Amino acid sequence: MSENINKINWYPGHMAKARRQMEEQLKLVDIVIELRDARIPEASANPMLQELSRNKPVLIILNKADLADDEKSLAWKKKFEHCLILDSANGNLTKIVVNEVKSILKDKLEKAKARGIRKKVLRAMVVGIPNVGKSTFINNIVKKKAAKAENRPGVTKSLQWIRINEDVELLDTPGVLWPKIEDQDDARLLALVGSINDDILDKEDLVCFGLERLKRMYPGLINKRYGVDEDEDDLLENIAKAKLWLDSDDKVSISKAVDQILKDIRSSRIGKVTWQDAGE
Ligand SMILES: Nc1nc2c(ncn2[C@@H]2O[C@H](COP(=O)(O)OP(=O)(O)O)[C@@H](O)[C@H]2O)c(=O)[nH]1
Ligand SMILES: [Mg+2]
């Protein structure tokens, strides 16, 4: 299934099938590893996951933490029962993830041992919205040394389990779910970090939304980055002027400013920003 939500027709039949498939797969695992974007911990959640995973423990990964606000990541971590703050694109995460999974499932391991099962292999599945880093995360913790486990009787042929180490194995394909888009702000936050394509939104509107939020949450950041007074009107135009972003007629180019600022935001060149607060 394509993960690019803007390239496929996400008609109900498609969704129902994906949902059913994920529900079946979730039955087979001991723990769900839910990836969220550390820059938008709430808007990158999966609205259906809680219902689909029933009572399975969920380990939340605040991924792309290298692009997010470190202090806010820690505040968010406290809100979740099980959570790791990670950057899947760098370092070797196998040990930290395996240890966390084992620690969360300690009781289950002990019960298995008491029943005489000497070596219980824990099964996990990665889920998350498109572009949150699922493939990057799986590649990171699996590495090349991991061999694919063979299919077992009673399990659909297409399901492949990858052995991470002697204790944990992972479903090789992640579950993809539609993000929570309850209102325009959710959609804008997802577009700001590049989780959904911005062609469903007005880009200038999107950047203005971003700048407003930056002014509120990170006063001084826009001034530092673009050298403008961020409390003046016509902020976008002033930034374009200050940065000499011009069109071919040497006129100040708002569309260049929009594209450039979006790029700065998505790459975190603007600064390590988390767009949603954990609250109390
Ligand atoms: N900076 C940063 N980029 C990441 C991280 N994890 C994934 N990415 C990037 O995010 C993009 C989407 O990652 P991918 O694994 O394809 O996402 P998927 O759609 O969930 O499988 C890729 O360009 C990755 O290189 C991370 O922790 N930090
Ligand atoms: Mg992928």
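Which helices do the buried residues of H7 pack against? They pack against H8 and H11. This is a predicted model. The protein chain has 11 helices and 8 strands. Of its 280 residues, 50% count as buried.

**Overall chain**

- Along the principal axes, the C-alpha atoms fill a box of roughly 75 × 40 × 35 Å.
- Take the contacts between residues at least 6 apart in sequence: 66% of them join residues at least 24 apart.

**Helix H7**

- The buried residues are Asp186, Ala187, Arg188, Leu189, Leu190, Ala191 and Leu192.
- Asp183 sits in the loop between strand S8 (175-176) and H7.
- Asp183 is partly exposed, because its relative accessibility is 42%.
- At the start of H7, a side-chain oxygen of Asp183 comes within 3.1 Å of the backbone nitrogen of Asp185.
- Asp183 lies 47 residues from Thr136 in sequence, and their C-alpha atoms are 29 Å apart in space.
- Gly194 follows H7 and has a positive phi, near 90°.

**H7 against H8**

- The axes of H7 and H8 come within 10 Å and cross at roughly 90°.
- H7 is therefore roughly perpendicular to H8.
- H7 contributes Gln184, Asp185, Arg188, Leu189, Ala191 and Leu192 to the contact.
- H8 meets them with Asp205, Leu206, Phe209, Gly210 and Arg213.
- The residues of this contact divide into 5 nonpolar, 2 polar and 4 charged.

**Helix H3**

- Helix H3 covers residues 70-79, and Lys72, Ser73 and Trp76 are buried there.
- These three cover an arc of only 105° around the axis, so they lie on the same side of H3.
- Glu71, Leu74 and Lys78 are exposed on the other side of H3.
- Which elements cover the buried residues of H3? Among them are strand S2 (58-63), strand S3 (83-85) and helix H8 (203-217).
- The N-terminal end of H3 is capped by Asp69, with a side-chain oxygen 3.0 Å from the backbone nitrogen of Glu71.

**H10 against H11**

- Helix H10 (residues 235-242) and helix H11 (residues 254-266) have axes that come within 9 Å and cross at roughly 90°.
- The two helices are therefore roughly perpendicular to each other.
- On the H10 side, Leu236, Glu237, Ile239 and Ala240 make the contact.
- On the H11 side, Ile254, Ala257, Val258 and Ile261 make the contact.
- How many residues of this contact are nonpolar, polar and charged? There are 7 nonpolar, no polar and 1 charged.

- Leaving out residues up to four places away in sequence, Asp264 touches Arg225, Tyr226, Arg269 and Ile270.

**Aspartates with positive phi**

- Most residues other than glycine have a negative phi.
- Asp234 has a positive phi, near 55°, and is not a glycine.
- Asp234 is placed in the loop between helix H9 (221-226) and H10.
- With a relative accessibility of 53%, Asp234 counts as exposed.
- Asp250 is not a glycine, yet its phi is positive at about 65°.
- Asp250 belongs to the loop between H10 and H11.
- Asp250 is exposed, at a relative accessible area of 60%.

Definitions and conventions
Residues are numbered from 1 along each chain as its sequence is written. Chains are lettered from A and ligands numbered from 1 in the order in which they are written. This is a predicted model: local features need pLDDT of at least 70, side-chain atom pairs count only at pLDDT 80 or more; totals for chains, interfaces and linings use all residues. Side-chain values use heavy atoms; hydrogens and water are left out. Axes are lines fitted to C-alpha atoms, for helices over the stretch in contact, and angles run from 0 to 180 degrees between N-to-C directions. Helices (H or I, at least four residues) and strands (E, at least two) are DSSP runs, numbered from the N terminus. Angles under 35 degrees count as roughly parallel, over 145 as roughly antiparallel, 65 to 115 as roughly perpendicular and the rest as oblique. Contact means heavy atoms within 4.5 Å. Ala, Val, Leu, Ile, Met, Phe, Trp, Tyr, Cys and Pro count as nonpolar, Asp, Glu, Lys and Arg as charged, and the others, Gly among them, as polar. Buried means under 20% relative accessible area, exposed over 50%, partly exposed in between (1.4 Å probe, protein chains only). The arc is that of the directions from the helix axis to the C-beta atoms. A polar contact is a pair of N or O atoms within 3.5 Å; within protein, one must be able to donate a hydrogen and the other to accept it, and residues adjacent in sequence count only if both atoms are side-chain atoms.
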